[in-house]
Amino acid sequence: MHDYPLVDQDPAPQWYGRLRVRADDLSPADWLSRSGPGALGTVAGVAAPGFAAYARILHPARLDERPVRWSAVAAAHGTRVTPVTRWHEVIGAEQDHAHRCDGLPGVWDEHPGEGPTPPDVARALLPVLARHTGTPDRCWFGLWCGYGRWDWGRFGTFATPGRDEVLLAGRLADAVSPVTLDEFAELPDLWWPQDRAWIVGGDVDLVSTYVGGSPELIAGLLAASGLEVHPVSPGGPVG
């Protein structure tokens with residue numbers, strides 16, 4: 001929810017890239033509340049409970065706009081990355097002052113992107129997800145209505161822990177298409193296929209994306225060369 005009114009917002013589009021905004025029937029998202037949402041601040045609270053396995057995908061840092069893995073940053077700082085490590089721990093900073101760190105020359109110069117899945121991470125994620133659903137052309141997406149770029153007031157929303165989401169529909173292959181509206185447009189926070197074989201979850205305050213699905217899907221993510229992934233538990237903390 002908004003704590004104060006936002007100004008200078010454009011009317012929200014009917015199409016968010018190639019994803020169609022659902023104006024009224026939000027029933028495809030009903031299962032998220034029927035299953036009981038995960039606790040706020042947990043993996044299942046960002047994704048959804050009830051899956052056999054979960055993974056955390058780390059958003060990369062940057063050096064000269066090129067992605068840098070957390071493990072490389074940790075090696076340079078003399079720290080280590082575990083499934084629950086926070087970014088400030090990687091760079092050896094106090095949590096409230098991590099943003100003051102400008103990087104480490106030759107290693108990184110930009111913090112991991114906060115918010116939903118970054119486009120380059122999403123592109124690496126798509127083929128793995130596609131192999132583990134029977135309905136890649138029938139998918140649903142949730143976009144937090146509070147990002148502020150557009151006024152979503154004319155559309156209905158569904159609730160997730162701490163957020164209200166606009167419902168979008170489209171193909172899995174079009175998950176990155178919102179960047180055609182604006183290169184800085186946020187991708188959806190939630191993704192799931194019609195057969196509910198998995199769910200992808202992110203949040204405006206996080207530098208990680210969380211995935212729930214089958215053990216085979218999580219194994220595929222761990223083996224993907226373009227992703228930095230750790231297995232996690234549904235009740236574990238997020239960061």
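Predicted model: local features only at pLDDT ≥ 70, side-chain atom pairs only at ≥ 80, totals over all residues.
Me: Is strand E4 buried or exposed?
Reply: Buried means under 20% relative accessible area, exposed over 50%, and partly exposed in between (1.4 Å probe, protein chains only). Strands are DSSP runs of E with at least two residues, and helices are runs of H or I with at least four, numbered from the N terminus. In E4 (residues 53-58), six of the six residues are buried, so the strand is largely enclosed by the rest of the structure. Ala53, Ala55 and Ile57 point one way, whereas Tyr54, Arg56 and Leu58 point the other way.

Me: Which strands pair with E4?
Reply: Two strands pair if DSSP finds at least two bridges between them. E4 runs antiparallel to E13 (residues 208-213), joined by six bridges; there, Tyr54 has Gly212 as its bridge partner. Four bridges link E4 with E14 (residues 229-232), also in the antiparallel sense, and Arg56 is partnered by His230.

Me: Where is Pro112 placed?
Reply: Pro112 lies in the loop between H4 and H5. Its relative accessibility is 6%, so Pro112 counts as buried. The C-alpha atoms of Pro112 and Leu58 are separated by 8.3 Å, although these residues are 54 residues apart along the chain.

Conventions:
Residues numbered from 1 in each chain as written. Heavy atoms only, no water.
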